[in-house]
Amino acid sequence: MKTLKRLFNNSSLLQKLLLMFLTVTITPLIFITVFFYDRTEQRLLELTYENMYSSNQQISSNVNARLDTLRQVSSLIYTDETLQAYLTQTYTTDYSILEAYRYIDGLLYSFLTANNNLASINLYTDNNSLPEDGLFLKHITLENLPIQYLIQLQQTYGNNIFSNVIQDKNGENVIYLGRILNFNTQSQFYGMVTIGLHEELLYKLIEKEEQNKSVYLLNEKNQIISASDKSLLNLSFSEAIGPELSINQEIVTINEHPNLLVYNTMNHGWKTVSLTPIDEIMRSSRKTALQIVVIALFSLVLSILMIIVIAKYLSRRLRKLNRQAAQVEQGNFTLLLTDSSKDEIGQLSAAFNKMSRRLKDLIDTLYVKEIAKRDAELYALQSQINPHFLYNTLSGISSLAIQNDDIEVSKIVNHLARFYQTSLNMGHQYITLEKEITLTKHYLAIQHMRFDDSFIERWEVDESLSTYETLKLLLQPFVENAINHAIYDDHKCLEISIRVYQSMHVGVPALLLEVEDDGCGMSSEQVEALLSSESKAGYGIKNVHERVQLAYGQNYGVTIHSQAGLGTKITIMLPLQQDD
């Protein structure tokens, strides 16, 4: 809330007027558009569901009519006692066989003639004394009936059962109604009958209703037995399409797109399933919504243009005063033209003129003199730390030590002089890597005189990098920290390894400086405190890290890896820059 308030306060008058106008106009417009669009979508879904349900009912009614024809024919065959007698008697003469053929063929031909939608009618018998006629009569064998369908028929006890979609000898898809023919007084069967119906006839009933949607006819096992895509036949609906059939009406996701699913169940367990993409349903509503948005945007643009003109007219004098303030900020104290109006803006202009005159007088009398005084003080301070003055003074001390035969004092003073001569570097913060290494060696020489043989150093330097540029005094603070804090055993010599090499960092060449010791090491808490603490123990190290990041950016800096009792490794990551 505070951030929004600050942004509002810091925005221009024109921006404030635009913001308030957009708030009071767009908010109701968006609310109305969303409300009516949502209501339209809901009503479209309701109408689509009603239409799909009615369409499914019509398909189910037509399919039932076709299937009832098959059931009626099977019932007539099942109850025909003459047919039962011909199929069960034992034949000894050709004449009696011919008489049976004549009756069977005439009966089945009459059924096919009366019902031209039937694909076939076949009778199956295990009466070996009655040969197959090559037309309607067949023996019960695995060649004539698949074993699974035979088993299903035997388990029906005289009830009708539909098969899956089966290709006949002509390669056409056929659905068969099968039934056991048994004696009314006993469970023993004497034959079977199958009545075929072309799947294409069922699909024609579906095809009439397929408009911007997909319709599937399923059997009682939810297997697809009719659809426009014939490769889906006999597949489970959930396997072929995706969703399970749990609710008569629901929105399901198929291939990452929402669809409205509606299905009806027939008396014998078959189902009619319809799928309509939501995008198809919402196309008309989205078109209407788009028209509303276009009109709203046109009105909004026109309104914005009007408010801009009005706001510019109202804020013109303020913008003029603002431009003059920017000139004053740049040091131009030219006064504004006189504003004759007496309103708040005119009063503000007059006050601003007075302020400009007073500010110019103050700068002329105080600011210029103060700068001159500060420049003199800075020059005096710089003279005090002039590197030549400091170097010459230390050289004088060294000469006096030699005259008094104090060679050790002369050596340490010479090293100190060289150290400060290199580190001061004429006031420049960048030096070559060669000078940085020399500076560190002078420091180590001084510390050897102080600590005798308490430590040794090893150098691993890529000499090809000696001319590259680095910040000064990067290695020395870490070497000093190792000498002062890493030694924990007076009888063990501390080993300090200093490495300089080239590597890759964030996809560009980088210069790596490493200082590693085998001293007492630190805990992770100590390492964290070392880079963040402002104590004297960690100030120099923290200073190096901050200087590197200020000079080269956040991708560079100091990394510390340490483990108590095992030592410490410092890595300084720098960009690889050639000295100019």
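# Salt bridges in a predicted model

User: Arg 71 and Asp 68 both lie in which helix?

Analyst: The two residues are 3 apart, about one turn of the helix. Helices here are DSSP runs of H or I with at least four residues, strands are runs of E with at least two, and both are numbered from the N terminus. Arg 71 and Asp 68 both belong to helix 2.

User: What are the ground rules for the numbering and the atoms?

Analyst: Residues are numbered from 1 along each chain as its sequence is written, and side-chain values use heavy atoms, without hydrogens and water. The model is predicted, so local features need pLDDT of at least 70, totals for chains, interfaces and linings use all residues, and side-chain atom pairs count only at pLDDT 80 or more.

User: How far apart are the closest N and O atoms of Arg 71 and Asp 68?

Analyst: The pair forms a salt bridge, meaning a side-chain nitrogen of Lys or Arg within 4 Å of a carboxyl oxygen of Asp or Glu. The closest N and O atoms of Arg 71 and Asp 68 are separated by 2.5 Å.

User: Is Asp 68 buried, partly exposed or exposed?

Analyst: Buried means under 20% relative accessible area, exposed over 50%, and partly exposed in between (1.4 Å probe, protein chains only). Asp 68 has 34% relative accessibility, so this residue counts as partly exposed.

User: Which residue meets Glu 516 in a salt bridge?

Analyst: The N to O distance in this bridge is 2.8 Å, and the partner of Glu 516 is Arg 499. Glu 516 is in strand 15 (residues 508-517) and the partner in strand 14 (residues 494-505), so the bridge ties together parts 17 residues apart in sequence. Glu 516 is partly exposed because its relative accessible area is 26%. At 18% relative accessibility, the residue that counts as buried is Arg 499.

User: How many residues apart are Glu 514 and Lys 569?

Analyst: Their side chains meet in a salt bridge of 3.8 Å, N to O. Glu 514 is in strand 15 and Lys 569 in strand 17 (residues 567-575), which links distant parts of the chain, with a separation of 55 residues.

User: Which residues do salt bridges with shared partners join into one network?

Analyst: Glu 514 is buried at 4% relative accessibility, whereas Lys 569 is partly exposed at 28%. Through shared partners, one network forms from Glu 460, Arg 499, Glu 514, Glu 516 and Lys 569.

User: How many salt bridges does the structure hold?

Analyst: The bridges include Arg 71 with Asp 68 and Glu 516 with Arg 499. For the structure, the number of salt bridges is 8.
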